[in-house]
Amino acid sequence: EEITTVNNDGKMNTISINETSIAAYYEYYTAPKIDEAAYLTAKITNWQDLNLVPGETNLFFEGTYLGKSYLDLASGSDTLSLSLGIDKGISVKRTLVKEFSSRKFLGSNRTDEKSFEIIVRNNKNVPVNLIIEDQFPISTTKEIEVSDIKHTDGELDKETKIVTWSYTIESKQQKKMELKYSVKYPKEKKILLE
């Protein structure tokens with residue numbers, strides 16, 4: 001907690017009035033289908049005992065100033081989550097595996113088979129906890145069928161078709177995940193598949 005005063009000459013003085021060390025659980029999140037970046041979140045339990053007040057905060061991580069955020073305490077959750085932004089120490093790559101992807105025509109239909117590979121590498125000197133999410137296409141009409149859904153090790157939500165992987169990745173190690181599916185649809189339709 002800090003107090004900032006503005007002097008008559010326009011210079012600002014900031015004085016720290018309280019400093020507390022808080023245990024936090026650090027977790028990374030990535031959805032490489034949308035953005036090939038890993039976002040770091042600090043999760044703090046028992047935060048209600050800290051007498052915090054909502055307001056603007058300055059964020060530092062590993063001695064580096066990350067920027068400003070807003071401390072919102074209105075959620076009522078047992079865990080306070082602070083977003084610390086993108087960490088470039090985690091590399092994320094999602095690629096289409098061409099040799100296992102194809103397009104076939106049969107009668108008035110076409111079938112697209114897609115295979116994707118996600119590789120996440122921990123370039124940091126410590127292990128990291130990482131949540132990875134991807135999603136299979138969802139058909140909103142009977143004439144479009146999504147089938148042959150395959151994913152390595154991830155948990156599939158049958159309604160949203162979101163696949164979630166949760167790993168602890170050791171320093172300088174990587175994890176590889178695979179997604180495969182096929183989509184059958186009338187050949188006169190244009191469908192963008194990712």
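Mentor: Tyr29, Tyr39 and Ile86 form a nonpolar patch on the surface. Together they have about 260 Å² of accessible area. Such areas come from the Shrake-Rupley method with a 1.4 Å probe, and for residues only the protein chains shown count as cover. A patch takes residues with over 30% relative accessible area and no salt bridge; nonpolar side chains (Val, Leu, Ile, Met, Phe, Trp, Tyr) are joined within 5 Å, like charges within 9 Å. A salt bridge is a side-chain nitrogen of Lys or Arg within 4 Å of a carboxyl oxygen of Asp or Glu.

A word on the model. It is predicted: local features need pLDDT of at least 70, side-chain atom pairs count only at pLDDT 80 or more, and totals for chains, interfaces and linings use all residues. Residues are numbered from 1 along each chain as its sequence is written, and side-chain values use heavy atoms, leaving out hydrogens and water.

Take Tyr29. It is partly exposed, because its relative accessible area is 34%; buried means under 20%, exposed over 50%, and partly exposed in between (1.4 Å probe, protein chains only). Tyr29 lies in strand 3. Strands (E, at least two residues) are DSSP runs, numbered from the N terminus; helices are runs of H or I with at least four residues.

Now follow the strands. Strand 3 (residues 25-31) runs antiparallel to strand 4 (residues 35-45), and 6 bridges join them. Two strands pair if DSSP finds at least two bridges between them. A hairpin of 3 residues links strand 3 to strand 4. Ala31 stands opposite Asp35 in strand 4. Strand 4 also pairs with strand 7 (residues 79-86), again antiparallel, over 6 bridges. There, Lys43 faces Ser81 in strand 7. In a regular strand the side chains alternate between the two faces of the sheet.

Next, the inside. The largest nonpolar core has 25 residues, and Val120, Ile132 and Trp165 touch the most other members. Strand 4 is among the strands that each supply at least two residues of this core. Strand 15 gives the most, with 5 residues. A nonpolar core is a set of buried Ala, Val, Leu, Ile, Met, Phe, Trp, Tyr and Cys residues joined through side-chain atoms within 4.5 Å. In soluble globular proteins, nonpolar side chains tend to be buried together.

Finally, the whole chain. It has 0 helices and 15 strands. Of its 194 residues, 31% count as buried. The chain exposes about 13,000 Å², and carbon and sulfur atoms supply 49% of that.
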